[in-house]
Amino acid sequence: MHQDDSHLASLMAAAQLGDQASYTQLLREVTPILRGLARQGWPMGSTADIEDVVQDTLLTLHVIRHTYNPTRPIMPWLMAILRRRLVDSVRRRSRTDRKELVVDALDVTFPVEPTNDKYETPVDGETLGKAIAALPRGQRLAIELLKQREMSLKEASAVTGMSIAALKVATHRALKTLRNLLLMK
């Protein structure tokens with residue numbers, strides 16, 4: 001079937017007797033053979049699929065190496081293992097393919113507007129303090145209590161007598177005004 005089948009059989013027989021070097025040599029020699037046979041047996045399989053089949057075959061060989069009969073040729077035994085692993089892989093792939101939808105190009109689900117990659121220049125504390133002091137009283141209080149002192153809306157409402165809604169509006173307007181004031185500088 002393959003050249004040197006008796007050589008591989010003798011390596012396997014020695015490996016069964018515990019010769020680690022023979023076992024390593026056997027694996028080195030059969031791996032490319034198995035890879036080629038797997039490609040022939042599954043021509044539509046990807047390189048990764050073929051490598052998976054080869055690895056599964058080598059693992060199976062390792063687990064059941066004690067079942068090999070050294071008086072018989074090794075290649076039919078290896079081919080039977082490879083054939084079973086190929087069938088398992090093809091079945092696994094077909095199950096996966098039935099469940100997965102292959103899409104070549106996905107529609108973009110992001111807005112067309114470009115990302116906001118502009119960074120505002122940091123403002124020193126003194127400039128910020130002057131800008132906050134220039135705000136109308138309600139906006140200034142909202143910023144001082146909610147942003148600088150980090151009070152909750154409920155706490156700030158109790159201190160100022162303003163409703164929570166009024167504080168939210170004042171904070172929004174204050175931030176907008178501050179942004180405009182500081183960006184002009």
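Visitor: Which residues in helix 4 do Asp 5, Leu 8, Ala 9 and Met 12 in helix 1 meet?

Guide: The model is predicted, with local features needing pLDDT of at least 70 and side-chain atom pairs 80 or more, while totals for chains, interfaces and linings use all residues. Numbering starts from 1 along each chain as its sequence is written, and side-chain values use heavy atoms, without hydrogens or water. With contact meaning heavy atoms within 4.5 Å, the four residues in helix 1 meet Ile 74, Met 75 and Trp 77.

Visitor: How is helix 1 oriented to helix 4?

Guide: The helices (DSSP runs of H or I, at least four residues) span residues 5-16 and 74-99, and their axes come within 8 Å and cross at roughly 75°. That angle falls in the 65 to 115 degree class, so helix 1 is to helix 4 roughly perpendicular.

Visitor: Is Tyr 68 buried or exposed?

Guide: Buried is under 20% relative accessible area, exposed over 50%. Tyr 68 has 3%, so Tyr 68 is buried.

Visitor: Which residues does Ser 157 touch, not counting those up to four places away in sequence?

Guide: Ser 157 lies in helix 7, residues 153-160, and is buried at 17% relative accessibility. Beyond those sequence neighbours, Ser 157 touches Met 162, Ser 163, Ile 164 and Leu 167.

Note on methods:
Buried < 20%, exposed > 50% of the residue type's maximum accessible area, 1.4 Å probe, protein only. Axes fitted to C-alpha atoms, helices over the stretch in contact; angles between N-to-C directions. Helix = DSSP H or I, 4+ residues; strand = E, 2+ residues; numbered from the N terminus. Parallel < 35°, antiparallel > 145°, perpendicular 65-115°, else oblique.
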